[in-house]
Amino acid sequence: MELANLIKQDIESILQIESQDIKQLVEDYREDLMDAETFDAIDAYNMLYSNIYEMSEEEYLDAFRTLGEAYPNFGKADENDFQKSIAELERLKHAFNELQLNTTEGKHLLALQLAVLELDIQVYQKLTLSPTTSEIQAEINLLETESFGITNQINQFLEQYHD
């Protein structure tokens, strides 16, 4: 019983860091001057990201496409946006690395989370390359597919410990 409680604490610690990061991102973006549509888009995308562990890859991609249609001008990023995203991912990675976990299971979940972050950082780094050639796009697609695969592993892991 003690091990189960320690695993639950580790999982909660990791999810708490994620939750704090999402809240911080929302606050950071709210500080910028934005119109109401941009606020709505940020809220909608944050809702999508906060529910990613409950969705299949297909459901996620469908929801992402739907949001893209609803907010066609949102997410038109330039290199500064990519650099900002990389910095945000690095901040989250640093927060995760500061965690002191008690169990092998918690450390495994953390390793999966860090692997996804690293792949996402690589995607943004590729997006800063200009122009985006078909080779670069193919590399991005591979990185995203690998990231989704690890996210599915995270989902399966969390389902094991869901109470």
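This is a predicted model: local features need pLDDT of at least 70, side-chain atom pairs count only at pLDDT 80 or more; totals for chains, interfaces and linings use all residues.
Local features are reported at pLDDT of at least 70 and side-chain atom pairs at pLDDT 80 or more, while totals for chains, interfaces and linings use all residues. Residues are numbered from 1 along each chain, and side-chain values use heavy atoms, without hydrogens or water.

Helices are DSSP runs (H or I, at least four residues), numbered from the N terminus. Helix 2 covers residues 36–50. Its 15 residues should span 21 Å at 1.5 Å a residue, and its end C-alpha atoms are 21 Å apart, which agrees. The expected span is 1.5 Å times one less than the number of residues. Ala41, Ile42, Tyr45, Asn46 and Leu48 are buried in helix 2 (under 20% relative accessible area, 1.4 Å probe, protein chains only). Seen down the helix axis, these buried residues fall within an arc of 155°, so they line one face. The arc is taken from the directions from the axis to the C-beta atoms. Ala36 and Met47, on the other side of helix 2, are exposed (over 50%).

A nonpolar core is a set of buried Ala, Val, Leu, Ile, Met, Phe, Trp, Tyr and Cys residues joined through side-chain atoms within 4.5 Å. The largest has 26 residues. Ile14, Phe96, Leu99, Leu109, Leu110 and Ile154 touch the most other members. Helix 5 (104–127) is one of the helices that supply at least two residues. Helix 5 gives the most, with 9 residues. Another core, of 9 residues, lies apart and includes Ala41, Tyr45, Leu67 and Phe148.

Ile154 is found in helix 6 (residues 134–161). Ile154 is buried, with a relative accessible area of 0%.
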